[in-house]
Amino acid sequence: TKASLEIDPKQRLSLWASGYEGDWNASGQIPRRAVKDGRLNWFGAIDPTEGGDSSRYNFNLLYRYDISKTQKLKFGAWASYYDLDLFSNFTFFLNDPVLGDGIEQRDKRWLYGTNFQYQSHLGLFGIPSIMTFGFDTRFDHPKVLLARQVKRDPFEKITDTELDEFSLSPYLKFDVFFSEWLRFVWGVRGDYFSYDVDDRLKEGAGGTLDDVIDSYKANLIFGPWRHTEFYLNFGTGFHSNDARAVVTDSSLESLPRAYGYEVGVRSK
């Protein structure tokens with residue numbers, strides 16, 4: 001569902017929400033010989049309780065304010081709830097000939113965030129430019145469980161973790177228009193991450209960690225000529241590793257850096 005309100009010619013407010021629920025049964029891993037000799041049909045399974053259920057609900061609020069013809073302001077806030085129960089049995093009765101090798105993977109989490117952006121047209125050293133400044137925030141609160149199960153009934157926990165993860169990410173970007181056929185885009189971004197991990201099975205086995213990383217990008221665009229552009233791109237980025245691992249092992253990087261280069265052409 002979506003709704004929007006035009007407060008006045010300069011201000012606009014919009015809200016949207018979505019929801020999803022699903023459940024399924026799965027054949028999982030099955031032996032080829034059981035299919036070829038006809039013991040298992042199209043939907044056949046060795047363990048018919050494999051499968052799972054999942055749901056997700058999203059809410060998003062966006063406010064836009066056109067301060068003037070050359071200045072714009074945007075603010076957003078969002079929240080999401082995610083739930084997954086996945087039941088698998090990869091090896092059937094290989095490890096436990098009595099109760100079987102079925103496992104349950106459970107992930108329940110709330111996610112919240114905000115984003116702010118200010119954009120202004122200006123002359124940078126007399127050259128037409130667009131400056132964009134903003135920041136993003138995000139908070140994750142997951143509860144993650146791995147357990148042994150029989151017919152979707154868990155009886156022994158393998159891992160049980162609750163954690164909080166927070167990030168704050170300010171950024172600055174400039175679009176510089178040297179001429180009608182040449183423009184340059186560059187930006188810088190900082191990301192601060194904070195982890196707080198609670199291991200429910202092992203007292204004192206969790207921990208906390210803070211880390212920060214900077215990222216850069218630069219794009220040179222030639223054109224358009226006949227609706228065609230050529231471009232050169234360079235940028236750095238990162239991914240965030242599993243908080244459960246990095247708070248207990250100081251040799252692991254929490255935010256490993258990545259580098260990217262690109263040369264290309266696009267035509268419309």
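Reader: Leaving aside neighbours within four places in sequence, which residues is Ser80 in contact with?

Author: This is a predicted model, in which local features need pLDDT of at least 70, side-chain atom pairs count only at pLDDT 80 or more, and totals for chains, interfaces and linings use all residues. Residues are numbered from 1 along each chain as its sequence is written, and side-chain values use heavy atoms, with hydrogens and water left out. Contact means heavy atoms within 4.5 Å. On that basis, the partners of Ser80 are Arg56, Tyr57, Asn58, Arg109, Trp110 and Leu111.

Reader: Is Ser80 buried or exposed?

Author: Buried means under 20% relative accessible area, exposed over 50%, and partly exposed in between (1.4 Å probe, protein chains only). Ser80 has 2% relative accessibility, so this residue counts as buried.

Reader: With which side chain does the side chain of Ser80 make a polar contact?

Author: A polar contact is a pair of N or O atoms within 3.5 Å; within protein, one must be able to donate a hydrogen and the other to accept it, and residues adjacent in sequence count only if both atoms are side-chain atoms. At 2.8 Å, the partner side chain is that of Asn58.

Reader: How far apart in space are Ala218 and Lys69, C-alpha to C-alpha?

Author: Ala218 is partly exposed at 24% relative accessibility. Ala218 and Lys69 are separated by 149 residues in sequence, and their C-alpha to C-alpha distance is 27 Å.
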